[in-house]
Amino acid sequence: YSEALVEPPESVLPIFLSDLEGAERRAAEDNWPIACQLMTGAMDLGPAQGRESREIVLRELDWLDGLLGDGRRYLLGDRFTRADLTAASLLAPIAAPPEHPTYARLAIPPRARADLEAWADRPIVAWIRELYRRHR
């Protein structure tokens with residue numbers, strides 16, 4: 001959110017508009033700047049928050065990469081569980097699996113795109129893409 005709502009907020013507008021038509025769509029487009037201001041303020045978004053959030057994400061990705069280091073197919077045991085579903089759902093924006101209806105077509109802000117490109121070869125990203133391929 002720090003990247004998408006603070007710098008180029010128009011990059012996420014198509015997500016909010018995807019199921020809207022007519023007057024609802026025009027109202028959403030017209031009020032988008034106000035919505036961005038409200039969301040930015042309510043979520044305390046800005047450069048410092050963005051850096052802090054990025055560091056948290058990196059620590060969690062490192063932890064998940066380590067967890068998958070033993071070659072496991074699923075996070076817990078030998079079958080797909082809620083843990084796998086939760087991890088894949090939360091990390092879909094990072095992996096952008098083609099099977100996901102939103103993230104595969106989302107315009108990504110430049111700094112976030114650079115992070116995603118840098119993280120593309122991580123084990124957890126490959127794991128998420130494979131999970132979506134098998135279970136979506």
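Let me begin with a term: a nonpolar core is a set of buried Ala, Val, Leu, Ile, Met, Phe, Trp, Tyr and Cys residues joined through side-chain atoms within 4.5 Å, where buried means under 20% relative accessible area, exposed means over 50%, and partly exposed is what falls in between, with a 1.4 Å probe and protein chains only. What we have here is a predicted model, in which local features need pLDDT of at least 70 and side-chain atom pairs count only at pLDDT 80 or more, while totals for chains, interfaces and linings use all residues. Residues are numbered from 1 along each chain as its sequence is written, and side-chain values use heavy atoms, with hydrogens and water left out.

The largest nonpolar core has 20 residues, and those with the most contacts inside it are Leu91, Ile94, Ile124, Trp127 and Ile128. Two or more residues each come from α4 (47-68), α5 (82-95), α6 (110-119) and α7 (123-135); helices here are DSSP runs of H or I with at least four residues, numbered from the N terminus, and strands would be runs of E with at least two. Apart from this core lies another, of 8 residues, including Leu13, Leu17, Trp32 and Leu45.

Now to α5. Its buried residues are Asp84, Ala87, Ala88, Leu91, Ala92, Ile94 and Ala95, and what covers them includes α4, α6 and α7. Ile94 touches Val57, Leu61, Leu116, Trp119 and Val125, leaving aside residues up to four places away in sequence, where contact means heavy atoms within 4.5 Å.

There is a kink of about 35° at Ser89 in α5, shortly before the proline Pro93, the bend being the angle between axes fitted to the seven residues ending at a position and the seven starting there. After α5 comes Ala96, whose phi is positive, near 45°. Further along, in the loop between α5 and α6, we find Ala107, which is partly exposed at a relative accessible area of 45%.

Finally, how many aromatic pairs does a search of the whole structure find? The search finds 1, and its rings, those of Tyr74 and Phe80, have centres 6.4 Å apart and planes at 75°, so the pair is edge-to-face; rings of Phe, Tyr and Trp (its six-membered ring) pair if their centres lie within 6.5 Å, with planes under 30 degrees apart counting as stacked, over 60 as edge-to-face and the rest as tilted. Tyr74 is buried, with a relative accessible area of 8%, whereas Phe80, at 30%, counts as partly exposed.
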